[in-house]
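Hi,

Here is the structure I promised to send over. Have a look at it first, and then read on for what I found.

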Amino acid sequence: MKRLLWSWLFLTSLAAVALAFARLLAPGWFELELDVFILFAGGIAIFDLVLILRESYPLQDEPAIVAALRREPDKPQRPAQLERLERELTMATATAFDLHARLRPQLREIATMRLATRGVRLEDAESVLDPELWELVRPDRQPPADRHAEGIAPTELRRAVEELEAL
């Protein structure tokens, strides 16, 4: 405890010397300089108080955050991309707009990659792809006129995914 008091006195003395030096260099800023000095001395006093309290009342158990970090997770986390794709699939079956704006870009990207392995560009793939899949991924597909119309049927979606897997 004496060591903390002496360290506080020493650091506060250094700050007082710095305050006097700053007062000589910039005499018009006394209020700001005094505020900085008070904050510094108070900050050191609070730090010392925390150290004293920590020595006086040691922790019996490890902190809760340390225990939580050591604990094994209950179950493995699912990848965020998988959950996002599941939501997009669900929404695509609900409305035509979600099919066009959310799922279609994913299907186009997958089809582009799969066709690229065969040396075929998506724009030239109408003869290679199933007509239902081509209707979903074709580049010139227009947004639906009725945004709230029913989306793709789950059976059609399953066939499209199977067709993509077969590429």
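Please keep in mind that the model is predicted.

The side chain of glutamate 88 forms a salt bridge with that of arginine 84, at 3.3 Å from N to O. Both residues sit in helix 4 (residues 80-94), four residues apart, which is about one turn of the helix. Arginine 84 is partly exposed, at 34% relative accessibility.

There is also a network of salt bridges that links Glu135, Arg138 and Asp140. Arginine 138 pairs with glutamate 135, their closest N and O atoms being 3.2 Å apart, and it also meets the side chain of aspartate 140 at 2.9 Å, N to O. Arginine 138 counts as buried at 19% relative accessibility, while glutamate 135 is partly exposed at 37%. The count of salt bridges comes to seven.

Now for the overall picture. The protein chain has seven helices and zero strands. Its radius of gyration is 34 Å, well over the 15 Å that the globule rule gives for 167 residues, so the chain is more spread out than a compact globule. The C-alpha atoms fill a box of roughly 85 × 50 × 35 Å along the principal axes, and buried residues make up 22% of the 167.

As for charge, the mean positions of the 21 positive and 27 negative charges are 3 Å apart. The accessible surface is about 12,800 Å², with 62% of it belonging to carbon and sulfur atoms.

Best wishes

Technical notes
Residues numbered from 1 in each chain as written. Predicted model: local features only at pLDDT ≥ 70, side-chain atom pairs only at ≥ 80, totals over all residues. Heavy atoms only, no water. Helix = DSSP H or I, 4+ residues; strand = E, 2+ residues; numbered from the N terminus. Rg over C-alpha atoms; globule rule 2.2 N^0.38 Å. Buried < 20%, exposed > 50% of the residue type's maximum accessible area, 1.4 Å probe, protein only. Areas by Shrake-Rupley, 256 points an atom, 1.4 Å probe, with all protein chains shown as cover. Lys, Arg positive; Asp, Glu negative; His and termini not counted. Charge placed at Lys NZ, Arg CZ, Asp CG, Glu CD. Salt bridge = Lys/Arg side-chain N within 4 Å of Asp/Glu carboxyl O.
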